[in-house]
Amino acid sequence: MKAVILVGGQGTRLRPLTVGVPKPMVPLANKPFVSYVLEHLRQNGVNEVVFSMGYLPDGIKSYFGDGSDFGIKLTYAVEDHPLGTAGAVKNVEQHIQDGDFLVLNGDILTDLDLRALVEFHRQKGASGTISLTPVDDPTAYGLVRTGAEGEVLGFLEKPSWDQIDTNLINAGTYALKAEVLDMIPAGVEYSFERGVFPRLVGGGLFGFSSDSYWMDIGTPEKYLQAHYDILEKNVRTAVSVCLNEDYVCVEGDVRLEAGAKLVPPVIIGAGSVINSGARVGRMAVIGPGCVVGTGSVVEESVIQADSMLEEDVTVRRSIIARGAQIGPGTVVTAGAVVGEEATVEGNNVLANNIRVYPGTVIKAGTIRF
Ligand code: GTP
């Protein structure tokens, strides 16, 4: 079976992490996010994938190549203007044979049983099957109503509490018959969610509900949560093996100076240095080539590759992107995101979800939130 992975979006909600890096290449526990999607497909027996791209396609192509290093045959298509989720699949029609195929949003971390999804789809003789996942706050999403046999009865966009009779939402993975492509206009923006699926209600559209792990990594908050879930092994990934029983994953040569402390669960990338008196964890991911300075603390946070934290820096529930520099005594906390190669000099306090754009320089002692 073939799969199309949609990776053409701009990832606006994840900015500034996606200003210079497309969302699929943003590192999740030190590997490009979409490599987890490929690994999941391969484990489910899918070995041919089409990447449907638009925004910043080059980094994806050069990293994954023809896919042979990842055990998957990869093909690429690049849109010159955004075609929306369904338009993007229509655009790769020539790569899809008759029969069934899968479509996956490229920003979902899940261990959904894809074989079971396809089996359900075939058993029902469905034109399309949408994977569904339950959510705690149904008012924030588009809900999907299904009948006794799993047939989709309708969609409910961001309903009020009195309208709610389900907590199932579209989980962004679909099994489709190739005939569905005939419903999609070519070369124009068209969406599955608002175009194809509402038109397919009553015409062989089914929902496959599952309580597998599911996380859309589209915002900084969820990006952090996905890391916590990997660290706590709430989702099965290749990283779970490295985390072992002690929940400490050290990826290669790491220098841990005397008096430096790792508090599990924690992942440290190759070539990083943790100086004396520094504490990393619990719930921290340090990318390769980072320095955590003397007396610094990193917890519930992600530090991407090649970043430098000087002495007595505190990073808590925050994200530091690749190549950033954080000066002595600075505190980065409460959902702050520091973009690539930004410099935050000493004695600043960044909090309240502040987002620092790539390359910005914040002088010493200028922000005290
Ligand atoms: P936001 O801008 O933060 O909403 O993120 P996004 O651009 O990724 O949009 P969204 O999360 O709604 O997209 C869901 C999935 O579809 C993501 O994997 C996107 O990469 C992908 N996607 C969205 N629009 C397009 C498009 O026009 N073309 C292609 N090829 N993929 C798309």
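**Contacts, Packing and Domains in a Predicted Model**

Q: With which side chain does the side chain of R322 make a polar contact?
A: In this predicted model, R322 is placed in the loop between strand 26 (319–320) and strand 27 (325–326). Beyond four places in sequence, its contacts are Q304, A305, D306, S307, E340 and E341. A polar contact at 3.1 Å joins the side chain of R322 to the side chain of E340.

Q: Is R322 buried, partly exposed or exposed?
A: The relative accessible area of R322 is 30%. Buried requires under 20% and exposed requires over 50%. The value of 30% therefore makes R322 partly exposed.

Q: How far apart in space are R322 and I303, C-alpha to C-alpha?
A: Along the sequence, R322 and I303 are separated by 19 residues. In space, the C-alpha to C-alpha distance between R322 and I303 is 7.4 Å.

Q: Why do the buried residues of helix 5 lie on the same side of this helix, and what arc do they cover?
A: Helix 5 spans residues 192–200, and its buried residues are F192, G195, V196, F197 and L200. They are on the same side of helix 5 because the arc they cover around the axis is only 155 degrees.

Q: Which residue just after helix 5 takes a positive phi?
A: At the start of helix 5, a side-chain oxygen of S191 comes to within 3.1 Å of the backbone nitrogen of E193. Just after helix 5, a positive phi of about 85 degrees is taken by G202.

Q: What kind of aromatic pair do Y174 and F197 form?
A: The structure holds eleven aromatic pairs. In the pair of Y174 and F197, the ring centres are 4.8 Å apart and the planes stand at 75 degrees. Planes over 60 degrees apart count as edge-to-face. The angle of 75 degrees therefore makes the pair of Y174 and F197 edge-to-face.

Q: How many residues apart in sequence are the parts that the pair of Y174 and F197 ties together?
A: Both partners are buried: Y174 has 0% relative accessibility, and F197 has a relative accessible area of 0%. Y174 belongs to strand 11 and F197 to helix 5, so the parts tied together by the pair are apart in sequence by 23 residues.

Q: Which tyrosines belong to the aromatic cluster that includes F51?
A: One aromatic cluster contains F51, F64 and F70.

Q: Why is helix 1 largely enclosed by the rest of the structure, and how many of its residues are buried?
A: The buried residues of helix 1 are F33, V34, S35, Y36, V37, L38, E39, H40 and L41. L41 is in contact with A3, I5, V46, V49, I72, L102, L104 and L114, leaving aside neighbours within four places in sequence. Helix 1 (residues 33–43) is largely enclosed because its buried residues number nine of the eleven.

Q: Is N105 buried or exposed?
A: N105 lies in strand 6 and touches L6, T85 and G172, not counting residues up to four places away in sequence. Its relative accessible area is 19%. The cut-off for a buried residue is under 20%. At 19%, N105 therefore counts as buried.

Q: What distance separates the C-alpha atoms of L231 and G365?
A: L231 is in helix 6 (residues 220–231) and is buried, with a relative accessible area of 1%. Not counting residues up to four places away in sequence, L231 touches L243, Y247, P265, V266, I267, M283, A284 and V285. G365 lies 134 residues from L231 along the chain, and their C-alpha atoms are separated by 34 Å.

Q: How many residues of domain 2 are in contact with domain 1?
A: The protein is divided into domain 1 (2–217) and domain 2 (244–362). Taken over C-alpha atoms, the centres of the two domains are separated by 33 Å. Ten residues of domain 1 are in contact with residues of domain 2 that number 17.

Notes. Residues numbered from 1 in each chain as written. Predicted model: local features only at pLDDT ≥ 70, side-chain atom pairs only at ≥ 80, totals over all residues. Heavy atoms only, no water. Helix = DSSP H or I, 4+ residues; strand = E, 2+ residues; numbered from the N terminus. Buried < 20%, exposed > 50% of the residue type's maximum accessible area, 1.4 Å probe, protein only. Contact = heavy atoms within 4.5 Å. Polar contact = N/O pair within 3.5 Å; in protein donor to acceptor, adjacent residues only side chain to side chain. Arc of directions from axis to C-beta. Phe/Tyr/Trp six-rings, centres within 6.5 Å; stacked < 30°, edge-to-face > 60°. Domains from an automatic or database assignment.
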